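Open the model in your viewer and keep the selection panel at hand. This tour goes from stop to stop, saying what to select and what is there.

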Amino acid sequence: MKSDIDLALELVQRTQTDLTRIPRRLKADRFRAHSCRLGQYNRFTDTMHLNERYLCELDDHTARDLLDTVIHELLHANSSLLKQIRDTFFPHPDIYAEAHRRTDILAEEFRSMRRKND
């Protein structure tokens, strides 16, 4: 059985063909489950960090948050170096809005993938 993280990455890679840069490493241990930080992309190590809460069994709401976080971090990974640096220090509502837009489109398919994977 695939993890929800694997399913989210699979869906995004299959459907979001403009997000070609997929980080070489994925770690879900930097942010503790109670942390408000859900994810981070580090260009220098080419690593996507996810909150450890995404390693647990997820309800539909938290799974949707996972999908949104994965898309958000992949948008960062596919941004220019200057934009990535800027977004590290300043708010980036454009990335949040675009991730939410894409998540809305993919949410039902992700839910279906998770059900089939059970």
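One definition before the first stop: Ala, Val, Leu, Ile, Met, Phe, Trp, Tyr, Cys and Pro count as nonpolar, Asp, Glu, Lys and Arg as charged, and the others, Gly among them, as polar. By that division, the lining of the largest pocket has 9 nonpolar, 10 polar and 7 charged residues.

This is a predicted model, in which local features need pLDDT of at least 70 and side-chain atom pairs count only at pLDDT 80 or more, while totals for chains, interfaces and linings use all residues. Residues are numbered from 1 along each chain as its sequence is written, and side-chain values use heavy atoms, with hydrogens and water left out.

**Stop 1: the whole chain**

Show the cartoon. The protein has 4 helices and 3 strands. Here helices (H or I, at least four residues) and strands (E, at least two) are DSSP runs, numbered from the N terminus. Read from the N terminus, the order is α-β-β-β-α-α-α.

Now show the C-alpha atoms. They fill a box of roughly 40 × 30 × 25 Å along the principal axes. The radius of gyration of the protein is 13 Å, which agrees with the value near 13 Å for a compact globule of 118 residues. That radius is taken over C-alpha atoms, and the globule rule is 2.2 Å times the number of residues to the power 0.38.

**Stop 2: the largest pocket**

Select Arg37, Gln40, Tyr41, Glu73 and His76. Of the 26 residues that line the largest pocket, these lie nearest its centre. Then colour β2 (39–42), α2 (60–77), α3 (81–89) and α4 (93–117), the elements that each give two or more residues to this lining. The space in the largest pocket is about 650 Å³.

The search uses a 1 Å grid over the protein atoms alone: a cavity is a set of points where a 1.4 Å probe fits but cannot get out, a pocket is an open set with protein on both sides within 12 Å along at least five of seven lines, and lining residues have an atom within 4 Å of a point. Grid points are joined across faces, edges and corners, and a volume is the space filled by probe spheres set on the points.

**Stop 3: the second largest pocket**

About 230 Å³ of space lies in the second largest pocket. Select Asp4, Glu57, Leu58, Arg114 and Asp118, the closest to its centre among the 15 lining residues. Two elements give two or more residues to this lining: α1 (4–15) and α4. By class, the lining of the second largest pocket has 7 nonpolar, 2 polar and 6 charged residues.

**Stop 4: the cavity**

How many cavities of 30 Å³ or more does a search of the whole structure find? The search gives 1. The volume of the largest cavity is about 50 Å³. Select its lining: Asp60, Ala63, Arg64, Ala107, Phe110, Arg111 and Arg114. α2 and α4 are the elements that give two or more residues. The largest share, 4 residues, comes from α4. The lining of the largest cavity divides into 3 nonpolar, no polar and 4 charged residues.

**Stop 5: helix packing**

Show α2 with α4. They pack at about 130 degrees, with axes 8 Å apart. Axes are lines fitted to C-alpha atoms, for helices over the stretch in contact, and angles run from 0 to 180 degrees between N-to-C directions. α2 and α4 are therefore oblique to each other; angles under 35 degrees count as roughly parallel, over 145 as roughly antiparallel, 65 to 115 as roughly perpendicular and the rest as oblique. The α2 and α4 crossing is right-handed, where right-handed has the near helix turned clockwise from the far one by less than a right angle, and left-handed anticlockwise.

The crossing of α1 and α2 is right-handed.
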